[in-house]
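Hi,

Here is the structure I promised to pass on.

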Amino acid sequence: MRIVFFFCLFLTSYCIAQQKFTLSGYVKDASNGEAMIGATVFVQPVNAGTSTNEYGFYSLTLPAGTYTVKYNYLGYKLVTEEITLDKNLPTDVELVSEATVLKEIQVVEESDRPTAQNPGMSMNKMNVSVMKKIPAFLGEVDVIRSILLLPGVSTVGEGAAGFNVRGGSVGQNLVYLDEAPVYNSSHLLGFFSVFNPDAVKDITLYKGAVPSRFGGRLASVLDVRMKEGNNKKTEIHGGIGTVFSRFSIEGPLVKNKSSFIVAARRSYIDILARPFVSVLKNGGALNFYDLTLKTNYNFNDKNKVYLSGYFGRDNFLFDKNQGFSWGNATGTLRWNHLFNDKLFLNQALVFSKYDYSLQFGGTEQNNFKWKSSISNFIYRPDFSYFINSNHEVNFGGEAIYYTFVPANATGTTNGTPVDVSLEKKYNSEISLYASHALKINPRVSIDYGLRYSSFSLYGPGTQYLYNDTVPGIRKRVIGEKTYSKREAIQTYGNWQPRFSFKYQLNENSSIKGSYNRMVQYLHLISNTTASNPLDVWTPSTANIKPELGDQLTTGYFRTLTTPTAQYEFSVEGYLRYTQNQIDYINGADILINRYLEGDLLSGKGRAYGVEFFAQKKTGRLNGWISYTLGRTELQVIGINNDNWYPTRYNQTHNLKVVGFYEINKRWSFSTNFIYTSGTPTTFPNSRYTQQGILIPYLATNARNNVTLPSYNRLDIAFTLQGKEADKSGRKRKNKDYWVFSIYNLYARQNPFSIYFSQVNDQTLPGQPLLSQAKQISIIGTFVPAISYNLKF
C-alpha cells in the first residue's frame, strides 16, 4: 500500500512537472504606448524565444517552472524579469528608450537579433531612425529612396517612379500601407514617395522567402506600417524644407486606451515660383499633397480596433485646363481579437483606389479629357496559433473585388464631342493560405506553407478573339463574344507552395535557403523608359494569362562580435524563373486602345544573381556596404529573333556604400555612394533619308541592344541637433534639429535616356547627312538643401 502511495505521489509530481503554460502579452514603447514590431522575447535557461508580431503580440508555451525572461529591442533598455510559470501568465512589457544605444544602426532582419540566428532570409527591415539619417534629395527623408540603398533593390534612374527588386519590374512589387495596396507609391514623378516619414513606424521588404499570407506580385512585398499615435501625451512634429513642409499631431483620445495621429504634407514649388513663371500665373500647378491619419481604441485586453487612411494627389498642370494629375486613397479598418493566450486574430476591411487623369485642348470647343482608375475592396482574416516555442501556425484568407476603369475619355472637336471610353472590367480574387514554422532542434528550423488563389473576370464585357499566326506583329481581331453582368468570362486558379529552412552552424553563423512560387493577376502596362503615372493597370483575361514566378534562394549569414564593435555579413544567391511575362510589339499603342491585347506578347523570363552585404552596427562610425551582381532577361517569340534579351531594368553591377559618423553630441555626418551599371535601351540600327531629313529606324526586331553609360552619385549630409537646455540651464521641452545636405556632390550628369538628332540640314556634294546622339539627364548638377525639423 505504501508503494502504491509513493508511486501515485511520484506520478502526480511528474505530471505537474510536464504541465505546460503560456506566457503572452504585448511589448510597447514606454514613452508613447506604440506596439513594438519584432521585439525579441528570450527565455532562459531553456533558450527559447520568439518575436512580437505586427501588433506587438507574443506568445510562448513552456513547461511549468521558474524562468528568466528578457525583452529586447534595438535602441531600448533590456528588461529582465524572473517569473514562475505555474499558470497561463499574461504579461505586458514597456521598454524605455536608451539614448546611448541609438547610435547603433540596424537595417536588416529582426531588430536586436543576430541575422545568423533569425530563421528568415531575403527580408530587410529599415529602421525609421536610420532612415532619417540618410542623405536625401532636397533634404527630405523618403522611404522608397532609403530602401534603394539595400541589396537587390534598384531603379532605372532619377525621375523613375517606384523601384525594382532582383530584376523585377515596378509593377511586380506589392506595396502595402497599413495592409492597403498602393498602386503608385511615388510623388513628383518618382522623386518622393507617398509615405510621410512622420507617420511611419515600421518598414519591411520581402525579396524572397515570402510568407504565405502574401500574394499577388512576383518580385517583392513592401509592408509599411503606420504609427498608432501616442496614447500618453500630445506631441507635435513639423518640418520646413526646400520643397515641402510637414506637420503632424498625435496624442491620446482616452489616455492609455485610445490614440490618434494626423500627418500632412504639401509642396510649394509652384507657390514660390509663381511670381517668376508665367505658366503658373495662368492656373498652372506643380505640386503634391497628402494626408495620413490613424486612430485606435482598446476595448479590453482581448479586443482592439484600428482605423487608418491615406489621401494624396499630384498636380502637373500647364494651365487651368491642361495637364495631368494622379492620386491614391486608402482606408483600413482592423480588429485584433485574442481568443486565448495562444490564438490571435487580425481581421481587416480595406479600400484602395488609384486614379489618374489627363486633359488638354484648353477650350470648350476643342479639348480632350481622359480619366482612369483602379479600385478594390478587400476582406482579410489572419489567424496566428502559437502552439509552443517550437511550433507556430498561421492561416487565413483574402477576398478582393476589383473595378478597372481603363479609360473614361471624351474628345471634342469644333464643339462636337466623341466618346472614346473603354469598357470597365470587374474581377474577384479569393485566396486561402496556411503555414507552419517548426523548430526541429536547436540547429534546424523550417517554415513551410501553401497558398491557393482563384481569380475571375466577370461581365458585362467583351472578349476579343485574335489571330496569332505571325509573332511580333499586331494581332488582328477575328471575332468577339459579349458577356452579361456577373457572367464569368475567365477564371484562373493557382497553388503557391512556400518553403524555407535554416541550419545553425554555430552561435554566430548559419546557412539558409528558400523556395516560393508567386502568382500575379494584375499587370502594369508600360512601354516608356521608366514607369510613369499614366501607365495602365489591366487584369488577367482570356488573352492575358497570369504571370507565374518560381524563386530559389540560398545564403550564408555570419555575426562577428568584438569587444568594441558588432558586424553582420551575408551572401545570398537567387534564381527566379517566370512565365507569361508581358512585352510589346514595336510601336505598341497602350493608351485608350480597345484592342490592347493585340499589341501584347508574352514569354518567359529569368533573373539570377548574388548579393553581398556587410554592416558595422555599433560605434560612432557605422554603416553598411552592399553589392549585387545580377542579370534579368526575357525570351518572347517575335522579339529579338526569339533570343533572350536583357530587360529595361537589368543592371549587372550595383554597389552602395552608406556611412554614419557621430562627431559629437550635437553634430553628425552621413554619406552614401551609389554605382550601378547602365540599363539597356533600344537604339536604331539603320536609317533612310526623306526630303533632306534623316530618319533613323530599327531595321530588325532587336530589343534593348545597347547599354547606357553607368550611373554613380555621392551624397552627403550634416545634422545639427538643437541644444538640450536654454540659456538659463533649464531643459527644453521641445526638440529640434537642422539638416544640411548636398545631393550629387560632384555634379555627375547621369544618363536617363539617349536620343538621336540630325546635325546638318542639307547635303553638300559628297557629304552625307549626319546624326548625333544626345543624352538626357534629369539632374545634371549638385543639389544643396536645408531643412528644419521640430518636435514638441
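This is a predicted model: local features need pLDDT of at least 70, side-chain atom pairs count only at pLDDT 80 or more; totals for chains, interfaces and linings use all residues.

Ser 428 has a relative accessibility of 13%, so with the cut-off for buried set at under 20% it counts as buried. Ser 428 belongs to strand S28, which covers residues 425-439. Its side chain makes a polar contact of 3.4 Å with the side chain of Tyr 458. If you skip the neighbours within four places in sequence, Ser 428 also touches Ile 400, Ser 454, Phe 455 and Ser 456, besides Tyr 458 itself.

Next, the salt bridges. The count comes to 31, and I picked out a few for you.

Lys 125 and Asp 202 meet through their side chains, with 3.0 Å from N to O.

Lys 207 and Glu 611 form another salt bridge, at 3.2 Å from N to O. Here the linked parts of the chain are distant, 404 residues apart: Lys 207 is in the loop between S16 and strand S17 (220-226), while Glu 611 is in strand S38 (residues 600-616). Lys 207 and Glu 611 are both buried.

Then there is Arg 265 with Asp 290, whose closest N and O atoms are 2.7 Å apart. Arg 265 comes from strand S20 (residues 258-267) and Asp 290 from strand S21 (residues 285-300), so the pair connects parts 25 residues apart in sequence. Again, both Arg 265 and Asp 290 are buried.

Some salt bridges share partners, and these join Asp 178, Glu 179, Asp 223, Arg 225, Lys 294, Arg 334, Arg 380, Glu 398 and Arg 451 into one network.

Last, a sheet to look at. Four strands make an open sheet in the order S3-S2-S5-S6, with antiparallel pairing. Which strands stand at the edges? They are S3 (48-51) and S6 (79-85); each has a single partner strand, so one side of each has no neighbour in the sheet. From one strand to the next, the twist averages 20 degrees. S2 (residues 40-44) pairs with S3 over four bridges, in the antiparallel sense, and Val 41 stands opposite Thr 50 in S3.

Cheers

Methods
Residues are numbered from 1 along each chain as its sequence is written. Side-chain values use heavy atoms; hydrogens and water are left out. Two strands pair if DSSP finds at least two bridges between them. Helices (H or I, at least four residues) and strands (E, at least two) are DSSP runs, numbered from the N terminus. Axes are lines fitted to C-alpha atoms, for helices over the stretch in contact, and angles run from 0 to 180 degrees between N-to-C directions. Buried means under 20% relative accessible area, exposed over 50%, partly exposed in between (1.4 Å probe, protein chains only). A polar contact is a pair of N or O atoms within 3.5 Å; within protein, one must be able to donate a hydrogen and the other to accept it, and residues adjacent in sequence count only if both atoms are side-chain atoms. Contact means heavy atoms within 4.5 Å. A salt bridge is a side-chain nitrogen of Lys or Arg within 4 Å of a carboxyl oxygen of Asp or Glu.
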